[in-house]
Amino acid sequence: MIPLSRVVTEIEKYVTIAKGKGDDQSIRESLLAIRALCDVVLSEQPDINPPLPMQIAQPTSAAQSISVGERIKEEDANGDSLFDF
């Protein structure tokens, strides 16, 4: 891995060259060199803050489940059938 201080020194060198030259071609070449140096460093560095995995919300049942053997007792019900009122 290239030391970051060395890359920063090289970037400063190209910034000085870009400021000293008056023609657009030399400035563009210096900027391309700076971009290349930045790309090299950024592609080598591991992500400091890697994206967190998205958590999928599990659906919660709003209805309460009633066990099979449990029956609701009503005072005015006539029997066990669904149609008995």
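Predicted model: local features only at pLDDT ≥ 70, side-chain atom pairs only at ≥ 80, totals over all residues.

Mentor: Start with the elements: helices (H or I, at least four residues) are DSSP runs, numbered from the N terminus. Residues are numbered from 1 along each chain as its sequence is written, and side-chain values use heavy atoms, with hydrogens and water left out.

Trainee: At what angle do α1 and α2 pack?

Mentor: Axes are lines fitted to C-alpha atoms, for helices over the stretch in contact, and angles run from 0 to 180 degrees between N-to-C directions. Here α1 (residues 4–20) and α2 (residues 24–44) pack at about 165°, with axes 8 Å apart. That makes α1 roughly antiparallel to α2 (angles over 145 degrees).

Trainee: Is Ser 30 buried or exposed?

Mentor: Buried means under 20% relative accessible area, exposed over 50%, partly exposed in between (1.4 Å probe, protein chains only). Ser 30 is buried, at 3%. Ile 34 also counts as buried, at 14%.

Trainee: Which residues does Ser 30 contact, leaving aside neighbours within four places in sequence?

Mentor: Contact means heavy atoms within 4.5 Å. On that basis, Ser 30 is in contact with Tyr 14, Ile 17 and Ala 18. Ile 34 touches Ile 11, Tyr 14 and Val 15, not counting residues up to four places away in sequence. The C-alpha atoms of Ile 34 and Lys 13 are separated by 9.3 Å. These two residues lie 21 residues apart along the chain.

Conventions
Helix = DSSP H or I, 4+ residues; strand = E, 2+ residues; numbered from the N terminus. Parallel < 35°, antiparallel > 145°, perpendicular 65-115°, else oblique.
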